[in-house]
Amino acid sequence: MARTFFKTVKNSIKNWYLALIAGILFIILGIWVLVTPAASYVTLSVLFSVSFFVIGLIDIIFSISNKDEMDGWGWSLASGILGVILGLILMVYPEISMTTLPFFVGFLIIFRSIYLIGFSIELRQYNIKNWGYLLTLSIIILILGILLVLNPMASALALVVFTGVGFIIIGIHAIYVSIKLKQLKNKVEKVKKNITDNI
């Protein structure tokens, strides 16, 4: 158990700030979506594409740099690749209609929420406090993603609200995860120090 724990967090925790950056980007994107409901679709799709592309790249870098230490790095990599692909699609086809966009956004949110649910359960296995909050946020994100997919014909305002709230929750979750990773880093360093002192 201890060996698996160190394998999972040994190197990933050194990049804890990547999750923080992704979280901040998601929150900024979510707030922008909510405060500018009348923005044109082209502007909205361009912002989506750039944001998804950048966040996807961050996830890819994070997962690849930690593939030897993280047991579930493949999910993070897949999530990043999906984000990059979605960003590229929206860049190439900015004229995609508002009835199609919810499917892309919804499926991305669903996929990411599944990854976050798995991460929350992993935190529970390592007896990390407040893992239940992360799981709850992940489930809320999943529900929002499903609503977007099941209601593609919803009004533009509903799409904006669902998308904006979903991104903000994802951002909060990512920031919370980054804080937990930072705490794990401190714990690992403390354990290493104790081991070194006892040798």
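The structure is a predicted model, in which local features require pLDDT of at least 70 and side-chain atom pairs count only at pLDDT 80 or more, while totals for chains, interfaces and linings use all residues. Residues are numbered from 1 along each chain as its sequence is written, and side-chain values use heavy atoms, with hydrogens and water left out.

The protein contains seven helices and zero strands, and its pattern along the sequence reads α-α-α-α-α-α-α. Helices (H or I, at least four residues) and strands (E, at least two) are DSSP runs, numbered from the N terminus. Of the 199 residues, 43% are buried; the term buried denotes under 20% relative accessible area, exposed over 50%, and partly exposed the range in between, with a 1.4 Å probe and protein chains only. Among contacts (heavy atoms within 4.5 Å) with a separation of 6 or more, 79% are accounted for by residues 24 or more positions apart.

The accessible surface of the protein comes to about 10100 Å², and 72% of this belongs to carbon and sulfur atoms. A nonpolar surface patch of about 820 Å² is made by Tyr-17, Ile-21, Leu-25, Val-46, Val-50, Val-54, Leu-88, Met-91, Val-92 and Tyr-93. Patches are made of residues with over 30% relative accessible area and no salt bridge, where like charges are joined within 9 Å and nonpolar side chains (Val, Leu, Ile, Met, Phe, Trp, Tyr) within 5 Å. A salt bridge is a side-chain nitrogen of Lys or Arg within 4 Å of a carboxyl oxygen of Asp or Glu. At least two residues of the nonpolar patch are supplied by each of helix H2 (16–35), helix H3 (41–65) and helix H4 (73–92). One of the patch residues, Val-50, is found in helix H3 and counts as partly exposed because its relative accessibility is 40%.

On a 1 Å grid over the protein atoms alone, a cavity is a set of points where a 1.4 Å probe fits but cannot get out, and lining residues have an atom within 4 Å of a point. Grid points are joined across faces, edges and corners, and a volume is the space filled by probe spheres set on the points. The largest cavity has a volume of about 50 Å³, and its lining consists of Phe-26, Phe-52, Ile-55, Gly-56, Asp-59, Ser-79, Gly-83, Leu-108 and Arg-112. H3, H4 and helix H5 (101–125) each supply at least two lining residues, and the largest share, four residues, comes from H3.

Ser-120, in helix H5, is buried because its relative accessibility is 0%. Apart from neighbours within four places in sequence, Ser-120 is in contact with Trp-131, Leu-134, Leu-135, Ser-138 and His-173. Val-177 is placed in helix H7 (residues 156–198) and is buried at 9% relative accessibility. Residues up to four places away in sequence not being counted, Val-177 touches Phe-119 and Leu-134. Val-177 and Phe-119 are 58 residues apart in sequence, with 8.9 Å between them from C-alpha to C-alpha. Leu-144, in helix H6 (residues 131–150), is buried at 10% relative accessibility. With neighbours within four places in sequence left aside, Leu-144 is in contact with Phe-162, Val-165, Gly-166 and Ile-169.

How values were computed. Accessible areas come from the Shrake-Rupley method with a 1.4 Å probe; for residues, only the protein chains shown count as cover. On a 1 Å grid over the protein atoms alone, a cavity is a set of points where a 1.4 Å probe fits but cannot get out, and a pocket is an open set with protein on both sides within 12 Å along at least five of seven lines; lining residues have an atom within 4 Å of a point.
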